[in-house]
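Please look over the sequence and the structure below before reading on. The notes after them are grouped by topic.

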Amino acid sequence: MKNLKILLLVSALMLCLAVIPVWPYGYYVFLRFMVCGSLAYAVYRLKDNPAFNRHVIALVVLAVLFNPVIPVHLDRMLWVWIDLACAVYLLQLSKKIQYT
């Protein structure tokens, strides 16, 4: 679970940095791969834990939203709010995950 917690924290940091409009397009492509991969790994690790059933559903929805294969195109300002909300959610989720 330590790896999962680190991945979620790194993804949250990258989402917070994505709000700053100085990055080239490649950063946002990498962000999609990183966040989608982290969320997919989180679903894989948490799916059998009954305490995280609601979180697994939310993580699947977010993984689909951030998927790099079929990207969801939204307005820049809407992505800022989504990135921040997702970062806060991932930070809170990482607090609930215990080191084992």
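In this predicted model, helix H3 covers residues 53–65 and has 13 residues. From the first C-alpha of H3 to the last, the helix reaches 19 Å, close to the 18 Å expected at 1.5 Å a residue.

**Helix H3 and its cover**
- The buried residues of H3 are His55, Val56, Leu59, Leu62, Ala63 and Leu65.
- An α-helix has 3.6 residues a turn, so residues three or four places apart point the same way.
- The cover over the buried residues of H3 includes helix H2 (25–46) and H4.

**Helices H1 and H2**
- Two packed helices are described by the angle between their axes and the distance between the axes.
- For helix H1 (residues 2–18) and H2, the axes come within 10 Å and cross at roughly 150 degrees.
- Angles over 145 degrees count as roughly antiparallel, and H1 and H2 are therefore roughly antiparallel to each other.
- H1 and H2 cross in a left-handed way.
- On the H1 side, the residues that make the contact include Leu4, Leu7, Ser11 and Met14.
- On the H2 side, Tyr27, Leu31, Val35, Ser38 and Tyr41 are among them.

- Ser38 is found in helix H2.
- Ser38 counts as buried because its relative accessibility is 1%, and buried means under 20%.
- Apart from neighbours within four places in sequence, Ser38 is in contact with Leu4, Leu7 and Ser11.
- Ser94 belongs to helix H4, which spans residues 76–96.
- With a relative accessibility of 2%, Ser94 also counts as buried.
- Leaving aside neighbours within four places in sequence, Ser94 has contacts with Lys5, Leu8 and Leu9.

**Cysteines**
- How many disulfides does the structure hold? The number is zero.
- The cysteine sulfur closest to that of Cys16 is in Cys86, and at 9.7 Å it is too far for a bond.
- A disulfide needs two cysteine sulfur atoms within 2.5 Å.
- Cys36 is in no disulfide either, as the nearest cysteine sulfur, that of Cys86, is 11 Å away.
- Is Cys16 buried or partly exposed? Cys16 counts as partly exposed, because its relative accessibility is 38%.
- Cys36, with a relative accessible area of 15%, is buried.

How values were computed
Residues are numbered from 1 along each chain as its sequence is written. This is a predicted model: local features need pLDDT of at least 70, side-chain atom pairs count only at pLDDT 80 or more; totals for chains, interfaces and linings use all residues. Side-chain values use heavy atoms; hydrogens and water are left out. Helices (H or I, at least four residues) and strands (E, at least two) are DSSP runs, numbered from the N terminus. Buried means under 20% relative accessible area, exposed over 50%, partly exposed in between (1.4 Å probe, protein chains only). Contact means heavy atoms within 4.5 Å. The expected span of a helix is 1.5 Å times one less than its number of residues. Axes are lines fitted to C-alpha atoms, for helices over the stretch in contact, and angles run from 0 to 180 degrees between N-to-C directions. Angles under 35 degrees count as roughly parallel, over 145 as roughly antiparallel, 65 to 115 as roughly perpendicular and the rest as oblique. A crossing is left-handed if the near helix is turned anticlockwise from the far one by less than a right angle, and right-handed if clockwise.
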